Amino acid sequence: MASPSKAGAALAALREDLAGDVFAPGDFGYDDARVVFNAMIDRRPAVIAQCVDEDDVVRAVRFARDLDLHIAVRGGGHSVAGMALNDNGLVIDLRHMRAVTVDPAAEAVRVAGGATMSDLDRATQVYGLATTGGRASTTGVGGFVLGGGTGWLDRWCGLAVDNLLGVELVTADGGRVHANADENPDLFWALHGGGGNFGIATAITLKLHELPDFAIAMVLYRPEFAPDAVRTFRDVIESGPDEVSGGVLHFTGPPEDFVPPSLVGELVCGALLTYAGAEQDMRKYAEPLLALPHEAEIVGAMPYADVQCMIDDPPGMRHYWSAEYVTGAPDDLVDVYCAAGRSMPVPTGTQHVLLPQGGAIAAGPHEYPVPYRDAPWAVHPYGMWEDPADDERCRQWVRDVRADVRPWSSGAVYLNFIGDEGAERVVAGLGAGNTRRLADLKRRYDPDNVFRFNHNIRPA
């Protein structure tokens, strides 16, 4: 650790040299700058560098290395484990780097490191184009993609990493590297699921797909009808084309126009059917869900970017998530899933989600470190609440859901869906053989494990 005089001089130089803002404890704006998505996270970095371009990122990395400070990287700040922050280290905050440049002729898009899903989806929608994004508009694109990337479009056009064309990276020594299929192909492979272990992604380039139309059917059921709704949704997905996706979720009925007053504050089961195509084609897949006894429905065409905002979480909530990827959704798994839904903490913001895979996910390239692609379904208990007094019951419910569905577990997991669950779960999210190869590459690109605030891969 550097002496106080050296640290003070270095901080003064960083404030002078950085085009963006620099915050230290006691500065006006410091406390606002360290607020992240998960309100359970309360960490106090020594310095927060809000970078505006790649040059700023290089300066910030070199500053941290000179002072032997740990580095955390903030894109969207949605990491449930709070990996965008640290205590007594440097946070490199990319949120001012949000440019999105669409090349419609090449059907590709370049996305700066701090852009959110909303930035990406609004920019590409103008051209009738889209690519797999997260299921919330406020998620950061960089962490989402490099962690694998699953969303409403993945059954149709693959996981986000299946659409990755290139990454511009600042490495642990402050160098600049470009990785694609031709340049640094080993590093490019590692970035297909290896997350932020290998550097700071200042920009990524993604493949786009024509998506002139998008449609949804959202059907709300009382919880006693959930088993029939889940089985029907399962059958629609498993017999339908790749364009059909969505999810089933248990949640507390919010005070929204589409929720009947009798369900506000009560446990609700919702089936959301999404369709990468026209409304008239979607309706035939929605018919079995609409034929069941239900309380409300929304059916129709909706711009994809608007659907991405439908289940955005309000700020200031406390979060604890996990997931199990399962080998199938037989009736007994459905019964267990629905029983766990009935035990969900209500009223809170907690959601209990069952998501389909298959389609282009399963058909995608199997050489990447995303071993969960072969699982046909995922159970995602998503704990979200406001009152700290609910901390233990909400966290315990998430753990109980995992235990309940473990008999069907594939053993693999999507790391962006979980918090810090230990080294074994990191291996489950990458694959054992992949982890060994990734550890060798980590030694090459980050031998000192500078980038450790992530689902960490230790250098071999």
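Let me start with two of the domains: the C-alpha centres of domain 1 and domain 3 lie 36 Å apart. In domain 1, Phe37, Met40 and Val80 give up the most area to domain 3, and together they account for 76% of what that side buries. Please bear in mind throughout that this is a predicted model.

For orientation, the protein is divided into domain 1, covering 4–93, domain 2, covering 100–210, and domain 3, covering 215–417. At the interface of domain 1 and domain 3, 6 residues of domain 1 are in contact with 11 residues of domain 3. The area buried between these two domains is about 690 Å², and carbon and sulfur atoms give 68% of that area.

His319 belongs to strand 16, residues 318–321. Setting aside neighbours within four places in sequence, His319 is in contact with Phe37, Asn38, Met40, Val80, Asp313, Tyr382, Gly383, Met384 and Trp385. Among those partners are Phe37, Met40 and Val80, the residues of domain 1 that lose the most area to domain 3. His319 has a relative accessible area of 1% and therefore counts as buried. Its side chain also joins that of Trp321 in a polar contact of 3.2 Å.

Asn197 sits in the loop between helix 7, residues 185–190, and strand 10, residues 200–207. Is Asn197 buried or exposed? With a relative accessible area of 0%, Asn197 lies below the 20% cut-off and so is buried. The side chain of Asn197 reaches the backbone oxygen of Gly194 at 3.0 Å. A polar atom of that side chain also lies 2.9 Å from the backbone nitrogen of Ile457. Not counting residues up to four places away in sequence, Asn197 touches Lys442, Asp446, Phe451, Asn454, His455, Asn456 and Ile457.

Beyond its neighbours within four places in sequence, Asn88 is in contact with Arg44, Pro45, Ala46 and Leu69. The C-alpha atoms of Asn88 and Arg44 are 6.2 Å apart, although 44 residues separate the two in sequence.

The backbone deserves a remark here. Most residues other than glycine have a negative phi, and most peptide bonds are trans. Asn88, however, has a positive phi of about 65°, and Asn184 has a positive phi of about 50°. Asn184 lies in the loop between strand 9, residues 176–179, and helix 7, and is partly exposed, with a relative accessible area of 32%. As for the peptide bonds, a cis bond joins Val346 and Pro347, with omega of about 0°. Pro347 is placed in the loop between helix 11, residues 331–342, and strand 18, residues 351–356.

Finally, the salt bridges. How many does the structure hold? There are 34 salt bridges, and I shall show a few of them. The side chains of Arg393 and Asp390 meet with N and O at 3.0 Å; Arg393 is partly exposed, at 40% relative accessible area, whereas Asp390 counts as buried, at 17%.

Asp440 forms a salt bridge with Arg443, the closest N and O atoms being 3.3 Å apart. These two are separated by about one helical turn, because they stand 3 residues apart in helix 15, residues 432–445. Both ends are partly exposed, Asp440 at 38% and Arg443 at 42%.

Asp446 and Lys442, which both touch Asn197, meet each other in a salt bridge with an N to O distance of 2.9 Å. Both of these residues are buried. Elsewhere, salt bridges that share partners join Arg231, Arg234, Asp235, Asp331 and Asp335 into one network.

Thank you for your attention.

Definitions and conventions
Residues are numbered from 1 along each chain as its sequence is written. This is a predicted model: local features need pLDDT of at least 70, side-chain atom pairs count only at pLDDT 80 or more; totals for chains, interfaces and linings use all residues. Side-chain values use heavy atoms; hydrogens and water are left out. Domain bounds come from an automatic or database domain assignment. Contact means heavy atoms within 4.5 Å. Buried area is the accessible area (1.4 Å probe) that two parts lose on being put together, summed over both. Helices (H or I, at least four residues) and strands (E, at least two) are DSSP runs, numbered from the N terminus. Buried means under 20% relative accessible area, exposed over 50%, partly exposed in between (1.4 Å probe, protein chains only). A polar contact is a pair of N or O atoms within 3.5 Å; within protein, one must be able to donate a hydrogen and the other to accept it, and residues adjacent in sequence count only if both atoms are side-chain atoms. A salt bridge is a side-chain nitrogen of Lys or Arg within 4 Å of a carboxyl oxygen of Asp or Glu.
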